[in-house]
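Please view the sequence and the model first, and then read the points grouped by topic.

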Amino acid sequence: MGWRMRARLLFVAVALAVGAVLLLAGAPVVRANGGIDAGQNPLTAWSVNPLPSLVLFLFAYLYLNGLANWERPSHRVTRWQRVSFFAGLLAIFLALQTPIDALADHSFAFHQVQHILVRMIGPVLMLLGAPLTPMLRGLPRWALLGIVRPIVRNPTARRAYKFLNNPVLTTVFFLITLYVWQIPGPHNLALRNYGVHQIMHFGMWFSGFMFFWLVIDPKPHRSRLHYGLRVLYLGLIVIPNTLLGAAITFSNDVLYSGYAEVKQPFGLSLMTDQQLGGLLLWVPGDMMSIMVAGVVMVMWYQRENEGAEVGVASH
């Protein structure tokens with residue numbers, strides 16, 4: 001059985017498995033800002049909005065189809081990289097389709113779990129899977145030649161890409177996105193308005209993807225940042241993340257009135273929920289930055305070894 005057939009069979013199997021889980025969950029439609037219906041078990045409140053799953057299935061198909069069509073790879077995509085990519089898709093799926101999404105409308109703590117999955121864990125794991133070349137090769141020929149190629153060759157698009165890849169800009173955007181959605185006004189608005197909530201989710205994912213795109217440097221992309229600077233950037237974002245998490249954790253007031261309008265899951269008080277959410281923003285957020293810095297240092301070591309081997313071979 002060839003790579004292409006195996007890729008398609010795996011894609012169908014994953015689609016059927018996820019579909020079966022959603023059907024077995026038997027959850028009613030979850031309201032945009034209500035989260036969990038009265039009397040509903042929070043653990044069965046699966047979102048049946050098909051859009052996130054469809055997008056994730058498309059990403060999975062393009063990745064597998066691209067690997068199957070890549071007959072002479074310019075760089076090898078290892079098994080652990082493939083596992084990492086699908087783990088990233090799974091993280092996004094957990095954040096947006098499982099009961100985490102419904103619970104996030106009722107609990108600030110669960111909202112922080114969702115944000116960590118969407119803005120940090122998902123993008124990091126996806127990028128460690130080196131998805132650029134496989135996903136481009138997975139596109140149909142008409143899309144690759146008729147859409148991607150003209151965009152890549154367009155001078156305006158190239159300037160926009162260079163602008164968006166500015167390390168200072170991406171770092172500031174990553175932090176501003178985090179801070180803006182923790183301000184009580186915008187946060188409460190997102191809880192009460194479906195469209196704003198979706199903008200928040202997309203902004204979280206996009207800012208995380210752009211920031212870690214420069215830090216992780218998935219082949220064949222080459223970041224303009226030296227490895228040492230990447231580690232420094234990851235260390236620097238720990239400071240504002242810690243300040244924000246500590247400010248929320250030690251606040252004496254309930255900051256987010258939107259959660260007072262709905263029932264609290266698991267019997268938590270608003271203040272306890274807020275403190276737990278602040279700790280989740282603070283500690284796991286800092287740990288993720290430190291762990292990614294460790295990954296970057298390993299990549300730096302491997303690159304130095306490769307350079308040394310090339311130098312020895314040339315002599």
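**Cavities, pocket and selected residues**

The model discussed here is a predicted one. In it, three cavities reach 30 Å³ or more, and the largest pocket has a volume of about 1200 Å³.

**The largest cavity**

- The residues that line the largest cavity are Phe108, Val254, Tyr256, Tyr259, Leu270, Asp273 and Gln274.
- Helix H14, which covers residues 270-314, makes the greatest contribution to this lining, with three residues.

**The largest pocket**

- The volume of the largest pocket is about 1200 Å³, and 28 residues line it.
- Among these lining residues, Leu132, Leu136, Val152, Tyr161 and Trp213 are the closest to the centre of the pocket.
- Helix H7 gives the most to the lining of the largest pocket, namely seven residues.

**The nonpolar surface patch**

- A nonpolar patch on the surface is formed by Tyr179, Leu229, Leu232, Leu236, Ile239 and Leu243, which together have about 560 Å² of accessible area.
- Helices H12 (227-236) and H13 each supply at least two residues of the patch.
- The largest share comes from H12, which provides three residues.
- Leu243, one of the patch residues, is found in helix H13.
- Leu243 counts as exposed because its relative accessibility is 55%, and the cut-off for exposed is over 50%.

**The salt bridge**

- The structure holds one salt bridge.
- Glu261 and Arg192 form this salt bridge, and their closest N and O atoms are 2.5 Å apart.
- The pair links distant parts of the chain, as the two residues are 69 residues apart.
- Glu261 lies in the loop between H13 and H14, whereas Arg192 belongs to helix H10 (residues 184-192).
- With a relative accessibility of 52%, Glu261 counts as exposed.
- Arg192, at 38% relative accessibility, counts as partly exposed.

**Val238, a buried residue of helix H13**

- Val238 lies in helix H13, which covers residues 238-249.
- Val238 has a relative accessibility of 17% and therefore counts as buried, the cut-off being under 20%.
- Apart from its neighbours within four places in sequence, Val238 is in contact with Asp286 and Ser289.
- Val238 and Met287 stand 49 residues apart in sequence, and their C-alpha atoms are 8.7 Å apart in space.

**Gln81, a buried residue of helix H3**

- Gln81 is part of helix H3, which covers residues 79-97.
- The relative accessibility of Gln81 is 15%, so Gln81 counts as buried.
- When residues up to four places away in sequence are not counted, Gln81 touches Tyr63, Arg76, Leu128, Gly129 and Ala130.

Technical notes: Residues are numbered from 1 along each chain as its sequence is written. This is a predicted model: local features need pLDDT of at least 70, side-chain atom pairs count only at pLDDT 80 or more; totals for chains, interfaces and linings use all residues. Side-chain values use heavy atoms; hydrogens and water are left out. Helices (H or I, at least four residues) and strands (E, at least two) are DSSP runs, numbered from the N terminus. Buried means under 20% relative accessible area, exposed over 50%, partly exposed in between (1.4 Å probe, protein chains only). Contact means heavy atoms within 4.5 Å. Patches are made of residues with over 30% relative accessible area and no salt bridge: like charges are joined within 9 Å, nonpolar side chains (Val, Leu, Ile, Met, Phe, Trp, Tyr) within 5 Å. Accessible areas come from the Shrake-Rupley method with a 1.4 Å probe; for residues, only the protein chains shown count as cover. A salt bridge is a side-chain nitrogen of Lys or Arg within 4 Å of a carboxyl oxygen of Asp or Glu. On a 1 Å grid over the protein atoms alone, a cavity is a set of points where a 1.4 Å probe fits but cannot get out, and a pocket is an open set with protein on both sides within 12 Å along at least five of seven lines; lining residues have an atom within 4 Å of a point. Grid points are joined across faces, edges and corners, and a volume is the space filled by probe spheres set on the points.
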